[in-house]
Amino acid sequence: NATMIEMVVNFLMRVALVTAEQKEQGNLSEKCVQLLDTALSIWPNAVLKFQYCEKVIEKSDNHAANIFTGLEIMNTLLQRSMLGAIALNQNAIKLLLDVCLPCDNSKVIDALCRMVSKFVDFPAPLDANECVTKFITWVKEFIDKGLQYVSAQQPQQTTGRVERC
């Protein structure tokens, strides 16, 4: 039943985000992201709704934990080649990515680098609709913006070495 599948995957996403900030919950957030990955392997056409993600990011006092969890959810979707689901929920995802730039939390930076690597490695869809095409263009602009932000924050390196995330 498509309704039940939608309820399950969105419930896992919500619990992952809600428990991200709560230390007393242990690794429940991480476990929910793993279960979401498993659920999406079983139901690759599940409908995901990111409105709750947007609300949590906006209202959170401790953004790093929620940002990290949101990025892990995105990484899971990219791993499952669900670019369409990401593009359909682009407003919430844009908010999530915009709050990543000034964040100096190492877990967030690592998750963001993995997400960027997946986007760079992701093959361009041949049958992309306008929504997906606009989102891919926005992601490229976001990556450029992020690189400019990092360049402005770091002093010039004289070694000439380029380090990877």
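Let's start with the nonpolar surface patch. V8, I42 and W43 make it, and its area is about 250 Å². Keep in mind that this is a predicted model.

Where does I42 sit? I42 belongs to helix α2, which runs over residues 28-42. Is I42 buried or exposed? I42 counts as exposed, because its relative accessibility is 54% and the cut-off for exposed is over 50%.

Now the cysteines. How many disulfides does the structure hold? The count is 0. Look at C32 and C103. C32 has 5% relative accessibility, so C32 counts as buried. C103 has a relative accessible area of 17%, and C103 is buried too. Buried means under 20% here.

Next, the fold as a whole. The protein chain has 8 helices and 0 strands. Along the sequence, the pattern reads α-α-α-α-α-α-α-α.

Then burial. The protein chain has 165 residues, and 39% of them are buried. C32 is one of the buried ones.

Last, the surface. The protein chain has an accessible surface of about 10,100 Å². Carbon and sulfur atoms hold 54% of that surface.

To recap. The patch is V8, I42 and W43. The chain has 8 helices and 0 strands. The disulfide count is 0.

Notes. Residues numbered from 1 in each chain as written. Predicted model: local features only at pLDDT ≥ 70, side-chain atom pairs only at ≥ 80, totals over all residues. Heavy atoms only, no water. Patch = residues over 30% accessible without salt bridge, like charges linked within 9 Å, V, L, I, M, F, W, Y side chains within 5 Å. Areas by Shrake-Rupley, 256 points an atom, 1.4 Å probe, with all protein chains shown as cover. Salt bridge = Lys/Arg side-chain N within 4 Å of Asp/Glu carboxyl O. Helix = DSSP H or I, 4+ residues; strand = E, 2+ residues; numbered from the N terminus. Buried < 20%, exposed > 50% of the residue type's maximum accessible area, 1.4 Å probe, protein only. Disulfide = S-S within 2.5 Å.
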